[in-house]
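Please read them with the structure open beside you.

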Amino acid sequence: MTDTENKIDFHTYKKEVDDVLQKLVKSMPAYEELQYFEKCVRSHSLTDIERNHSALVVIGSNIPEELVLISGKMPCWILGGSRASSMWADDMVPRDTDPVSRSGLGYVLSGFDQNSLILIPLVSDSTRKLAYILKSRGYKVHTCHFPPVKDAQSYLEWRRQYEACRDAIALHLKRPMTNRTLRKSQAQILTAKRQIQTFQDVSQDKLSGVIRMFVQGSYYCAEDLSEWCSRLRSLTERLQREPKLQTDGRSNVLLLGSPIYFPNYKVPFLIEEAGLTLCGQIDYTTLSMQEYSGKEYRQRENAADIFYENDASPAYVKNDALYECVTKLLTKKEIDGVVYHVLKGQIEYDFELERYEKLFEKLDIPIFRLETDYNYQDIEQLRVRMEAFSEILNQRRYRKERVTI
């Protein structure tokens, strides 16, 4: 037994997941339709970790989904949101490794079948080191490189990476990846992402931001994507009949920066506890779940091109896809302030911050940079700062309302 295996404490991990789920359930409206998503996440997080034999494992959310759905089943997605599983990797990575990569590594080493094919998108230095560690420990790993810029040359490189990933998956599953099968996967994904977009539009004023984030994120926990889509459709239809939430003049904030994954909901919980309304979250994971459209698929069957154009991963020196999405959102929603979340070790997001500061300064929208990790030692300090930011936004909102009157 390795040092890592000795350090794994499933009780701590399960308590972490259960505590967050209990807090979420208490804040949920008593809709029967929401129970499925809670059970879906609970099953994925608690039931499978000690006996996972998935054929395909995806670390992160930047592998084209039509490729990993080729088997007809959802792969095991490891997004890396657990503080407990990040501690399982303490002896293998430097202390300044970002918590998402640490968590993903610890989760894989907790007992995954070494016959699984692990797909890793190389979008940062941490993911490159993670791939090296897993390969050196005998895991079957295929990496997908993302060029740092988008131009004609990098497009050709991306096409080669896409085809190599397609071939690696087909070889591992011992079945050819035909165009017919690929189109079937595309259609399934398109259905899911259309439903996600409809849910986001309808639920905007019907559910809290944390609950909306949780429901959307459960996509990566679904065993049966068709059933998940059906359940989301039922929830959306229910919400269409429900009244809007009473927000009592709360200020609306947009959450940008480092992606937030279950169960580490420290920041979104703090936003809402400070009396703010979390009206949206934009990062490369949420963007990838909403940017597919039926029009694109009908006009161009090449899913690799669509993925490449919409990709907003941190691999790019200048993340134009994400910037354009944020700019477009500002024309649709009333945003009072922005919380820019940076996880320690993910310095690539700080490179983008100056660009957003200039944008929001031009629009007279305050932006609050918040740096943290998966530990809770800083929770009270962050709470004080978040409440101060909330007070600033509320005062600005009050002054604007007085001017309007």
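1. In this predicted model, four strands make up an open sheet whose order is 6-5-7-8, and the pairing is parallel. The edges are formed by strand 6 (277-281) and strand 8 (367-372), each of which pairs on one side only. From one strand to the next, the twist averages 30°.

2. The pairings can be followed across the sheet residue by residue. Strand 5 (residues 252-257) pairs with strand 6 in the parallel sense over four bridges, and here L254 has G280 of strand 6 as its bridge partner. Strand 5 also pairs with strand 7, again in the parallel sense, over five bridges, with Y340 of strand 7 as the bridge partner of L256. Strand 7 and strand 8 are joined in the parallel sense over six bridges, and there Y340 has R369 of strand 8 as its bridge partner.

3. Strand 7 (residues 337-343) deserves a separate look, since it is mostly covered, with seven of its seven residues buried. As background, the side chains of a regular strand alternate between the two faces of the sheet. In strand 7, G337, V339, H341 and L343 point one way, while V338, Y340 and V342 point the other way, and all are buried.

4. Not counting residues up to four places away in sequence, R385 touches F368 and R369. The C-alpha atoms of R385 and F368 are separated by 9.2 Å, although the two residues are 17 residues apart along the chain. R385 counts as partly exposed because its relative accessible area is 35%.

5. Which residues have the most contacts inside the largest nonpolar core? They are L24, L134, I169 and W228, in a core of 135 residues. Leaving out residues up to four places away in sequence, L134 touches I59, L105, V108, L109, I118, I120, Y139 and V141.

6. Helix 6 (residues 99-108) includes S101, a residue that is buried, with a relative accessible area of 8%. Apart from its neighbours within four places in sequence, S101 is in contact with S126, T127 and L130.

7. Helix 15 (residues 303-310) is largely enclosed by the rest of the structure, because seven of its eight residues are buried. The buried residues of helix 15 are A303, A304, D305, I306, F307, Y308 and N310, a list that includes the acidic residue D305.

8. On the cysteines, the structure holds zero disulfides. C279 is in no disulfide, and its nearest cysteine sulfur, that of C325, is 13 Å away; C325 is likewise in no disulfide, with the sulfur of C279 as the nearest at 13 Å. Both residues count as buried, C279 at 4% relative accessibility and C325 at 17%.

9. A cis peptide bond, with omega about 5°, joins F262 and P263, and P263 lies in the loop between strand 5 and helix 12 (266-273). K174 has a phi near 60°, a positive value in a residue other than glycine; K174 lies in the loop between helix 8 (152-173) and helix 9 (179-203) and is exposed, with a relative accessible area of 75%. Phi of D364 is also near 60° and positive, again in a residue other than glycine. D364 is placed in the loop between helix 17 (348-362) and strand 8, and it is partly exposed, with a relative accessible area of 46%.

10. Finally, a word on confidence. The protein averages a pLDDT of 88, and 92% of the residues score at least 70. Over residues 1-6, however, the pLDDT is below 50, and this stretch has seven contacts in the model beyond near neighbours in sequence. Over residues 293-300 the pLDDT likewise stays under 50, and the model has 15 contacts for them beyond four places in sequence. Where pLDDT is low, the predicted coordinates should not be read in detail.

Technical notes: Residues are numbered from 1 along each chain as its sequence is written. This is a predicted model: local features need pLDDT of at least 70, side-chain atom pairs count only at pLDDT 80 or more; totals for chains, interfaces and linings use all residues. Side-chain values use heavy atoms; hydrogens and water are left out. pLDDT is the predictor's confidence in each residue, from 0 to 100. Contact means heavy atoms within 4.5 Å. A disulfide is a pair of cysteine sulfur atoms within 2.5 Å. Buried means under 20% relative accessible area, exposed over 50%, partly exposed in between (1.4 Å probe, protein chains only). Two strands pair if DSSP finds at least two bridges between them. Helices (H or I, at least four residues) and strands (E, at least two) are DSSP runs, numbered from the N terminus. Axes are lines fitted to C-alpha atoms, for helices over the stretch in contact, and angles run from 0 to 180 degrees between N-to-C directions. A nonpolar core is a set of buried Ala, Val, Leu, Ile, Met, Phe, Trp, Tyr and Cys residues joined through side-chain atoms within 4.5 Å.
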